[in-house]
Structure formats: C-alpha cells, structure tokens
Amino acid sequence: MAKKLTLDFLKTEAASGAALGLAALTALIVANSPLSADYFAWLKSMQVLQIGPLRMEESVASWIKEGLMAVFFLVVGLEIKYEILKGELSNPKKLAMPIIGALGGMAAPVGVYLLFSGILGGPHEGWPIPVATDIAFALAVFGLVGRGLPASLRVFLLTLAIVDDLGAIVLIAAVFSQGVEWAPLLGALGVLAVMAVLGRWRLAAAFWCIGFAAMWWLTVESGLSTSLAAVAFAAIVPVNPRRETGASPLRDAMHDLHPYVAFLVLPIFAFAKAGVSFGGLSLEQAFAPLVIGIAMGLFLGKQLGVFGAAWLATRLKLAEKPTGASWAQVYGVSMLCGIGFTMSLFIGALAVPGAVDSPQQIEVKLGVLGGSLLSVVFGALYLSVLSRRAARRNVAIGGDDVVTNR
C-alpha cells in the first residue's frame, strides 16, 4: 500500500513538472517584457482579507508565500509522517540517511561560499544564501527524469529537502529574526494542542480546515514562518484507519490536497518568484564575487555536502542507503539538492541589504539562478542516463520495484 501511494504521488509530480517549469519561464519572460512594471506592481499590491473583526493586509507576493505555500508544506508534512510511520522511513537507519545528508548539505555550501568569497574578495554576509533546497523544484525535476529509478530515492530527496528547509527556517529565526509576538504564538500552540486531542475522535474535514486556518492566522500574526506551522499541524493528523470507515484521515488529506498543490499552488508560486529582470545587466556584475560564491555554494557545496555526509554515515553504520538505490543514483539526487531558488532568494533578501532592484539584490538573484540552473541541468542529465539504464535493466530481469512516471 505504501508503495502504491508513493507511485501515485510520483505520477502527479511528473505531470505537474512541466506546468511548474512553464510558470517559471513565463515569469522570466514577463519580467523582461513591456509588462514588467505591471507584473512587479501586481506582486507588491496590497490585498485585504477580513472576516468579521479579523483583518489582515498583505501584498500579493506575501499571500502566495505565506498562504498558498502553507498548504504545500502541509502536504509535504503529511507525506513525511506517512513515510516515517508506514513507509520507507519507518526504518530508523533509512530515516537517518536524509537527516545526516541534509546537515552535510547545509554545512558544505557555507564553506564553499566562504572559500570563494575569501579568494575573490566578496562579502561574507551572504553565507546563509546557499544553505536551502527548493523542495518544489527539486521534486519536479526528479519527477520528470526519475523514470526507472527506485521510489525510495524520491522519499530520500523529499525528507532531505524538508530537513534542509526546516534548518533554513531555524537559521532565519536565529540570525534575521526581528522579534516574535508571543500572544498569537501561544494561541497557535493552543490550537495545535486542542486539535491533537480532538483528532483522536472522528472529525469532519471542515473541522480540520477550520483548525488549520486558525493556526495559520495566529502564526502569521506571531511573525513566524507558516511553513513550520504547517509541518507541525501535519504531525497531529491521524494516520491509522478509523474503525467506523476504514479510511485514514492522513491518507485522505494527502489524496485530496496533492493535485491542487501540484497543479495550482506550485505553478502560482513559481510565477510569483521566478520573475527577475535582467535589464541593464553588465558582464562584470554577472560574474561578481557574490554571484560566484552563491552559485558555487549551491552547485558544488550542496552535492558534495549531501553525498559526502550520506556516504560517511553508511561507513560509520549510522544509516542505510535508500532501498534499491545505488551510490551513483544517490549522487544524482545530491546534485538536485543544489536547486536553491525560492528559499535562497528569500534568505538573500534578508542577508544582503538593498532594494529589490539594487545591484546587490541583482547579484543575489543571479547567483541563486545560476547555481540552481547548473544543478538542474547537470542533475537532470545525469539522472536521466541512470534512469534509462535502470529501466532497461528492470525490463531485462522482470522486476517491478521502480518508479514509472506514466
């Protein structure tokens, strides 16, 4: 059953990968067209949500980042919980592998960035930028090129990216936090506790939606990231089937929400975040020390850190490889971890001061896009070769423990 659920998710992701890429490409075209001013004005425009006495005003970009993406992190959290309790990650050593890999994938990019920054004379404050992995884009690329590869590799990538981004969220809170509003934060924790207790009984889907919305609202008011709150909420959704219906609330939620996330939430988010204007860009700025440091931190630091830590963990008997995967395939997945994109752009706006169109921010975006693009191209080409070989070998031996994104 766990295998079937994973294969269903991969089919959806393979189909949505093209939509995600198209949305990102459209954003780049619009941002460098006569519609550029309207595009950025739309993202900055303020929109109000009011329900009775409750009122919240945010920009379109913030509503997408804090609102729509909270649903994405909820689905990701649900899948991680399912895999830990019922699937691939129920083996502690299988769970240890992506966690240790994520830690290596956070440390090595910092070292690579500081190395290039020291050699080229770049600013040291950009070191947090290449730390994170963009879950959405990494999974989309894997979904497109992962035909024939073991399904356990996707779970490895998903778990690693989640740990990676949770680490980035903690980093943001520790280094860039401007203070937390404790009253709404305690309220969000209270909602979480109440839902955890009530979740022991059979609850209607509408009740879960209300609970999630209440926790989301209070988290926004507290100033913390809604992605962390969404993962915490996913942890309290029951995974075991109800005696009355035989259905699992967690599996039902995953099944119902995943198509909306794959075909609506992620493409909208890509369209909002991928728009970067290249107007007035000089060759000197394109290869500035900050650009090189970020790009190499993502492309080299990520793959070396993830793969090196994972390999060392197995040598020390602390972890096990994903089921049915080779080291060559694990290395290919490690390359995809260099797709920093959205989270790296967000951290870059905090780490390097400057307006959206300032020279410093343009260099941040160029570095993130350059490192992410290198990771996409080389990772996709490398994995597609391995995928074709694995598919041919599986057909030859008549096996069926592979991913088939059809």
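In these legends a residue is called buried under 20% relative accessible area, exposed over 50% and partly exposed in between, with a 1.4 Å probe and protein chains only. The model is predicted, with local features needing pLDDT of at least 70 and side-chain atom pairs counting only at pLDDT 80 or more, whereas totals for chains, interfaces and linings use all residues. Residues are numbered from 1 along each chain as its sequence is written, and side-chain values use heavy atoms, with hydrogens and water left out.

**View 1. Lysine 317 in its loop.** Lysine 317 is exposed, with a relative accessible area of 62%. This residue is placed in the loop between H12 and helix H13 (327–336), where helices (H or I, at least four residues) are DSSP runs numbered from the N terminus. The phi angle of lysine 317 is near 65°, which is a positive value in a residue other than glycine.

**View 2. The largest nonpolar core.** A nonpolar core is a set of buried Ala, Val, Leu, Ile, Met, Phe, Trp, Tyr and Cys residues joined through side-chain atoms within 4.5 Å. The largest one has 103 residues, of which Phe72, Ile129, Ile135, Phe142, Leu157, Phe233 and Ile294 touch the most other members. Helix H3 (residues 60–86) supplies the largest share of this core, 13 residues. With its neighbours within four places in sequence left aside, phenylalanine 72 is in contact with Ile135, Ala136, Val261, Val265 and Leu266, contact being heavy atoms within 4.5 Å.

**View 3. The crossing of H3 and H10.** Two packed helices are described by the angle between their axes and the distance between the axes. The axes are lines fitted to C-alpha atoms, for helices over the stretch in contact, and the angles run from 0 to 180 degrees between N-to-C directions. For H3 and helix H10 (residues 249–273), the axes come within 9 Å and cross at roughly 140°. H3 and H10 are therefore oblique to each other, since angles under 35 degrees count as roughly parallel, over 145 as roughly antiparallel, 65 to 115 as roughly perpendicular and the rest as oblique.

**View 4. Salt bridges.** A salt bridge is a side-chain nitrogen of Lys or Arg within 4 Å of a carboxyl oxygen of Asp or Glu, and by this rule the count comes to four. In one of them the side chains of aspartate 164 and lysine 302 meet at 2.3 Å, N to O. Aspartate 164 lies in helix H6 (residues 151–176) and lysine 302 in helix H12 (residues 289–315), so this pair ties together parts that are 138 residues apart in sequence. Aspartate 164 is buried, with a relative accessible area of 0%, and lysine 302 is buried, also with 0%. Another salt bridge joins the side chains of glutamate 57 and arginine 55 at 3.6 Å, N to O; here glutamate 57 is partly exposed at 39% relative accessible area, and arginine 55 is partly exposed at 46%.

**View 5. Helix H9 and its buried residues.** Seven of the nine residues of helix H9 (residues 226–234) are buried, so this helix is largely enclosed by the rest of the structure. The buried residues in H9 are Thr226, Ser227, Ala229, Ala230, Val231, Phe233 and Ala234.

**View 6. Lysine 365 and valine 291.** Lysine 365 lies in helix H15 (residues 359–397) and counts as buried at 16% relative accessibility. The C-alpha atoms of lysine 365 and valine 291 are separated by 8.1 Å, while these two residues are 74 residues apart along the chain.

Methods: Helices (H or I, at least four residues) and strands (E, at least two) are DSSP runs, numbered from the N terminus.
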